[in-house]
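Good morning, and thank you for coming. Please look at the model on the screen while I go through a few of its local features.

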Amino acid sequence: MEKINFFGKEIAVLDSADVVIIGGGVAGSVAAISALKEHKSCIIVEKSNALGGTATNGLVMPFMASHVSNMNGLNVELNKDYMKFDPKVFFNGEHENAMFANPVTYAMYHDYKVRSLGGQIYYDATFIESIKDQNNKITHVIAYIHNELYAIKGQVFVDTSAEGLLAKSCGCELMHGNEKRNHVHQSVSLRYEMGGLDKAKLCDWLRSIGYKGFGIAENPQNVEFVRDPSFEDVINKAIENNEVTKDDMRYIQAFRVPGKPNTFAFNGPQLGEKYNPDDPKEYSKCISEGLASIYRYSKFMINHIPGFEKAYITHIASQLGIRESVRVKTIYVLQNEDYTNRARFEDGIAKADWYVDTHSDEPDDEGIEEYSHGEYYEVPYRSLITHECPNLIIGGRIIGASFRVEASVRIQITLRDISEVIGKACAYSIDHNIDLNKIDGKIFKVNY
Ligand SMILES: Cc1cc2nc3c(=O)[nH]c(=O)nc-3n(C[C@H](O)[C@H](O)[C@H](O)COP(=O)(O)OP(=O)(O)OC[C@H]3O[C@@H](n4cnc5c(N)ncnc54)[C@H](O)[C@@H]3O)c2cc1C
């Protein structure tokens, strides 16, 4: 096996591919599928034992709707394909791409899809560093793969680690948190699921108290609910009795999960803005506080919400729900004005329309309004590439965007549209022998 020197240690070059992707989350998996469809060999280096990242390990569903995403693109093709894999998936009816999936089968699907197209996935593979040549082109990535350090060789590299790890290793600048509020980050959540519910009883109770939130359904299995003034007194009493904290109850949102009857996936508990997920001590604190909060939160549900009497925790996310941590300073960084101006770019490669959803502790002082259906801003190719590294492209929630625009562009549907172009750009770079950061993004201009 070929060896390379890494800080004085000889390490084996385990594998090589045209395209090497760091992080097999939502963005990384779709970038891989797109590159494979362009007939490029592809390796995903993934820290956990599942593809899908925040969607699967973080239990983040559903895919929020976009009214402008590419209806002829991979998004729709993958959703249809996934429906064959798991017919219990469902859509919210509003839009073909607003998908509810079971995170477990979703991870299995991505593994099947990438492998069936000839892709290689390394699980339990933590990216550590990159090796660059004299032009700052990446030649290898170094990863700790199942108990040993290895090198993986590639031609072009994709950073979809959600933390800008590969970009940072190449000297690219990272932007942290809210640039206008002391770099505070968006709220972190640790999501979990409860099973054993009597949803008919819950529905009856919600109706009886005059619940006004979304989610009451004719078929009780389809019920969903959110925190609502109709049961505020129940919450306040439990807070007074020290059964839960005010923070535990800050965000109550329960979604159904396809194929899992009598189950709810909670979009919480939400731990607020006080933690910095970039800080190793605070990251671990988030996990511990999240677990403690889930303990109290689930007991509150069991003890006070009709229908939950026999409920139990079935699943706790193995990945902390980080909405925003770093963004890479790319050649162009999407600005708040680009959102408000519904910006168009010559190299606009995807359309985005989700609202600025910062989950802030304080009201959004920018007053950025939501779009009407059909309105959008474009994501330019330049927000995916950097001056520093010629053969690197960025995907996922870390693309070049301001704090507020990140809170819009990060929804999964939009990230998938962007990743489709990332796969194509990788293939174009190799086929035309042109660096990723020299490609004129106009060739991928949105035409849908
Ligand atoms: C609590 C919460 C609720 C949300 N709600 C919604 C919603 O309802 N609808 C919606 O559409 N969007 C929602 N979002 C946003 C959306 O889920 C994320 O923005 C999106 O999933 C991010 O995708 P990504 O591919 O950039 O990152 P991820 O999916 O997190 O992927 C990053 C991957 O990189 C891997 N990785 C990290 N470090 C390394 C390393 N060193 N080596 C190798 N691999 C590594 C990780 O294991 C992971 O698999 C929510 C986000 C959160 C946190």
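The lining of the second largest pocket divides into six nonpolar, five polar and two charged residues. Here Ala, Val, Leu, Ile, Met, Phe, Trp, Tyr, Cys and Pro count as nonpolar, Asp, Glu, Lys and Arg as charged, and the others, Gly among them, as polar. This is a predicted model, in which local features need pLDDT of at least 70, side-chain atom pairs count only at pLDDT 80 or more, and totals for chains, interfaces and linings use all residues. Residues are numbered from 1 along each chain as its sequence is written, and side-chain values use heavy atoms, with hydrogens and water left out.

Of the 13 lining residues, Lys137, Gln155, Ser429, Asn433 and Asp435 lie nearest the centre of the pocket. Two or more residues each come from β8 (138-145), β9 (148-159) and α10 (412-431). A pocket is an open set of points on a 1 Å grid over the protein atoms alone, where a 1.4 Å probe fits, with protein on both sides within 12 Å along at least five of seven lines; lining residues have an atom within 4 Å of a point. Helices (H or I, at least four residues) and strands (E, at least two) are DSSP runs, numbered from the N terminus.

I turn now to the backbone. Most residues other than glycine have a negative phi, and most peptide bonds are trans. Histidine 146, in the loop between β8 and β9, has a positive phi near 45°. The peptide bond from methionine 61 to proline 62 is cis, with omega near 0°, and proline 62 sits in the loop between β3 (42-45) and α2 (74-85).
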